[in-house]
Amino acid sequence: MLIENMRMAFSAIRANKMRSFLTMLGIIIGIGSVISIVSIGDTMRSMFEELYRKIGITQAYIAIGYWVDDWRQSDYFTLDEMERIKEIFGDEIAYIDSDASTSGDAVCARTTVKFNYVGIDYNYQEVQPVNMVYGRFLNQGDILGRRKNVVMDTNSARNLFGAENAVGRTFRTTIYGSVDDYTVVGVYRKDLNPFQAMMLGASTEGGEAFLPYTILTWPNDYFYDIRIFARDEATMDVFFENLKNYVARSKERQPEDFRLVTAKAQMGEMDSMMGGLATAVGGIAAISLLVGGIGIMNIMLVSVTERTREIGIRKSLGARTRDIMVQFLTESAILSACGGILGIFLGGGIVLLGGRMLGVQAIVKPGVVVLAVGFSAMVGIFFGIYPASKAAKKDPIEALRYE
Amino acid sequence: MGLWNRERTEDLGGSGSGERKWKPDGRPESGDKGQEESGVGTDWAERLQALWKMGLSRSRKLPEYITENVSEELIQLEDLVKVYDTGALKVLGLKRINLTIHRGEFVAIMGQSGSGKSTLMNILGCLDRPSMGHYYLDGVDVAAMNPDELSLIRNRKIGFVFQSFNLISRTSALKNVELPMTYARKGKRFREQRARTLLERVGLGKRAEHMPNELSGGQRQRVAIARALANDPPLLLADEPTGNLDTAASVEIMELFSQLHKEGTTVVVVTHEEEIAAFTERIIRFRDGEIVSDKPNVPREPEQKEAGPNEKGH
Amino acid sequence: MLIENMKMAFSAIRANKMRSFLTMLGIIIGIGSVISIVSIGDTMRSMFEGLYREIGVTQAYLFIGYWVDDVRQSDYFTLDEMERVKEVFGDQIAYIDSNSHASADAISGRTTVKFAFNGVDYNYQEVQPVNIVYGRYLNEGDVLGRRKNVVMDTTSAMNLFGVENAVGKTFRTTIYGTTEEYTVVGIYRKKLSPFQAMMMGANTEGGEAFLPYTILTWPNDYFYALRIFARDEATMDVFYNNVKAYVAKSKGRQPEDFRLNSAKDEMGQMDSIMGGLAAAVGGIAAISLLVGGIGIMNIMLVSVTERTREIGIRKSLGARTRDIMIQFLTESAILSACGGVVGILLGGGLVMIGGALLGVQAIVKPGVVLLAVGFSAMVGIFFGIYPASKAAKKDPIEALRYE
């Protein structure tokens, strides 16, 4: 009987092709826009997750809270303190530095390029692997000896020296007031997709270079924050909590006076914000689904009126109220579900195509697709109930007499 | 011709005669020339005034094939052929018809279904175009006209009466009668006044506000006749006008046609019933797309016991 | 003829009430949601503008840029410098202070309440008027004499002392390590809308008090930012640029090394973000309008088919192609425009009611309303073109023969 009903529904849909298509079109657009918005949201979330993984998900900064009114000098950090933290937490720390960075004009012959310098320790490559193409990374000797050696990416090298392989070349720059010559010991290649490049603010004109943090941070310096990579992502929350407690105690403060910014927490915030936004905007897009559903109801009402005689004939042949009801409900559900499936192709297709054009891995979750089909069929059934019951309740004698 | 049309005629002051020199787009050459001349003035105000007048007249001006021609031969068919192209084979609907109907005649076109009389009816009514030959209506060849020009012809020159009445539902008798005048862009007051006069004339003065479904068959057909007369067309075309009516109502309707004929209207009735054709003065018989006979007829006298058109129907 | 067409359209719409209503409903929902979203956006924008006007739109903070790497002690400000700025710019400055604040527990009897203290000058009331209900505001004597007098709002007084009129009462608090007695010299009443209270973080449990800025900033203190209110909103941009240039020059820096945060700029940014968001989400809501338009097209197509015979009759009576076209276009435009008008009432009404419930002055701009009506009529005409031309092109003979 179900198959019979579906066959009848399809033949009714085929009988009025234009009308059926336009009715479906409402659902296609509705489901299509919901699918695309939710999928754009999911894609963005995954892009941000990837971005955070790229910069190191176990990364965190610890500093005195900006909400603390009476800052003391002891709230800042020294290299001695950093060493003590290294000793105490030992293996739990994958990497630690003074988060030192500066910028200055790098001058090589007649070329001047604005450079950003990031001070790092020799084992930075363990937590933030780079793809060395020429020369070597900074080593322990560079750090301990405060040697004026730098590592830069191919793009920066090209901007400053006009060649990718700049190993052995020197340039002159001013850091904290003193002008010195620096030597390039290694060149690496950045692997960033366009989105990451945009978010990480990679400039195509300027330059970036790693140099020993000991050049930017002297033993007697006070610095604002410590940058740490935890060894283990699973236990990092506990580890950072312990670290905060230790730092606060050593500085005679409460743990809540210190601010701990972890990449993981930031990612979580970003994720829930994007999720919330996608849900809200997806909900607004779903209004069009409601309008599409009303369109189904309207057309089914027209269809019931046009087929009054058919209903009378069916009833005279012994169809029960329920049979007529199911017949029309099947028709509206199929109309809506077909629209839903086409809408998924449309919405998913747009997102995948857009992703390809932007060079981004677009994500269309199967769960969302299943939900959309189910929802569109439900829309069809919901908005089909009124017309179907109107059809089912028709008096057979009057229906037969209808012109 | 109606009063309104005559006014337009004087306005244009063209050189119209019965000659068939009109181009299909219906713009008389003389009219254009006249406007050019009036636009040559050196004074800007004068020129603007001319433009303004042009703008005004454009919306109201009618082609001269509507306003000018008064031909004694109202309908003239020359070697008229209608071929139906039904894909694989071509069916000859009308085979070289030659026929003339003069102004003021009362004609019946008879034939069995499939004889070609409906095809002829559609062509005479300017709903369809002949495949070959000429159809001069009031002296103008309508065979080459485009659909919108045919609309204008139907609006001004032809009044239709159909078997199934074809009143617009959910629209009062009065509004139905007004409809052709609406398409002729007549003013609201004029329309209403004339529609009431016409309904009065067909004996439905008190039923003007009724909807079609509140009227009997005979009454509906009388509304349709009133509507057909709305723009005072020279030709009244009735297609089986009594086909959906009982005998009494049929006689009423035919007597109404007789009366209209006596008042000067040309009436062409298409029918397959001899009793109906008996009311007319000329009977043309069709078979297989050809005229098989064309004879004058002495119309049957109105019987005294029949109800007059001014009294209520059933 | 136009009136005649409109009469015909209305009678056709009335003839199929349910169908016309459902068709309109699509447009009603579409226009309603667009209007509400755009109006919510406009309301939010005006609320933020109100908020910025409340905190003083001529207000600005000036401080060394966070992008400057080599921050020196001289980049901070002293009271002497502040006095010099006052002298140089004189009348152009409505108010200036050292933007100092502190938070601490205030203790009175057995009650301890967390208080936020704001250091202000005696003429702060000129730029940020408060409604003093008991006692007086801080005066010049308080500020110059570093008197430990405070002014607080009624809620804070109630929290700390249990009464609103706390003039003359004292409490004990620890500011920058020294514990002292402070006397309440005045009480004011806050008049904030719930939205402003929320955004400005007014807490109901804690307390706030104004005290002389000279208590929080000592002559030899270095402080981070200058807070300035310009006298004239029209010329404030020029004035602030001059202040920035002057400060930079006096500290041997470039003007672009300093950051000027003006409330007006922030307001402008907020405004453009909100405007962009409202436009984007409104655009997504407009998808439902598209679906509604498709619904109109579908129903008009049904209507044209049903009224084939009527079209034939009209043509036989002399209606031209254009007459039929205009008749059906008028019908779809009226259908859509009526839906649009109802949608405006619905959307506007929802926003107004929501605003009234939340105690917010909701804004529904006439321009938006006009645009919505025009747009809905356009939707009707656009989606009416296909059905109307289908109607207009019908062959009169076939149309007359149609059952």
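Student: Is Gly141(A) buried, partly exposed or exposed?

Tutor: Relative accessible area decides the class: under 20% is buried, over 50% is exposed, and partly exposed lies in between (1.4 Å probe, protein chains only). Gly141(A) has 27% relative accessibility, so it counts as partly exposed.

Student: What kind of model is this, and how are its parts labelled?

Tutor: It is a predicted model: local features need pLDDT of at least 70, side-chain atom pairs count only at pLDDT 80 or more, and totals for chains, interfaces and linings use all residues. Residues are numbered from 1 along each chain as its sequence is written, chains are lettered from A and ligands numbered from 1 in the order in which they are written, and side-chain values use heavy atoms, with hydrogens and water left out.

Student: In which helix does Gly141(A) sit?

Tutor: Helices and strands are DSSP runs numbered from the N terminus (helices: H or I, at least four residues; strands: E, at least two). Gly141(A) belongs to helix α5 of chain A, residues 140-144.

Student: Which residues is Gly141(A) in contact with, leaving aside its neighbours within four places in sequence?

Tutor: Contact means heavy atoms within 4.5 Å. On that rule, Gly141(A) is in contact with Arg146(A) and Arg147(A). Now look along the chain. Thr330(A) is 189 residues from Gly141(A), and their C-alpha atoms are 78 Å apart.

Student: How do I read helix α2 of chain C?

Tutor: Compare its reach with the expected span, which is 1.5 Å times one less than the number of residues. Helix α2 of chain C covers residues 17-55, which is 39 residues. From first C-alpha to last, α2(C) reaches 54 Å, close to the expected 57 Å. After α2(C) comes Gly56(C), with a positive phi near 100°.

Student: What does chain B contain?

Tutor: Chain B has 11 helices and 10 strands. It has 314 residues, and 49% of them count as buried. Take the contacts in chain B with a separation of 6 or more: 72% of them join residues 24 or more positions apart.

Student: Which chains share the most contacts?

Tutor: Two pairs of chains are in contact, and chains A and C share the most. Chains A and B do not touch, and their nearest C-alpha atoms are 14 Å apart.

Student: How much area is buried between chain C and chain A?

Tutor: Buried area is the accessible area (1.4 Å probe) that two parts lose on being put together, summed over both. Chains C and A bury about 2,500 Å², 77% of it from carbon and sulfur atoms. Here 31 residues of chain C meet 31 residues of chain A in contact.

Student: How many salt bridges are there between chain C and chain A?

Tutor: A salt bridge puts a side-chain nitrogen of Lys or Arg within 4 Å of a carboxyl oxygen of Asp or Glu. Between chain C and chain A the count is zero.

Student: Which element of chain C gives the most to the side that touches chain A?

Tutor: α10(C) does, with 15 residues.

Student: And how many salt bridges are there between chain C and chain B?

Tutor: The count is three. One salt bridge pairs Lys175(B) with Glu4(C), their closest N and O atoms being 3.8 Å apart. α11(C) gives the most to the side of chain C that touches chain B, with six residues. That interface buries about 2,100 Å², 56% of it on carbon and sulfur atoms. In contact there are 22 residues of chain C and 23 of chain B.
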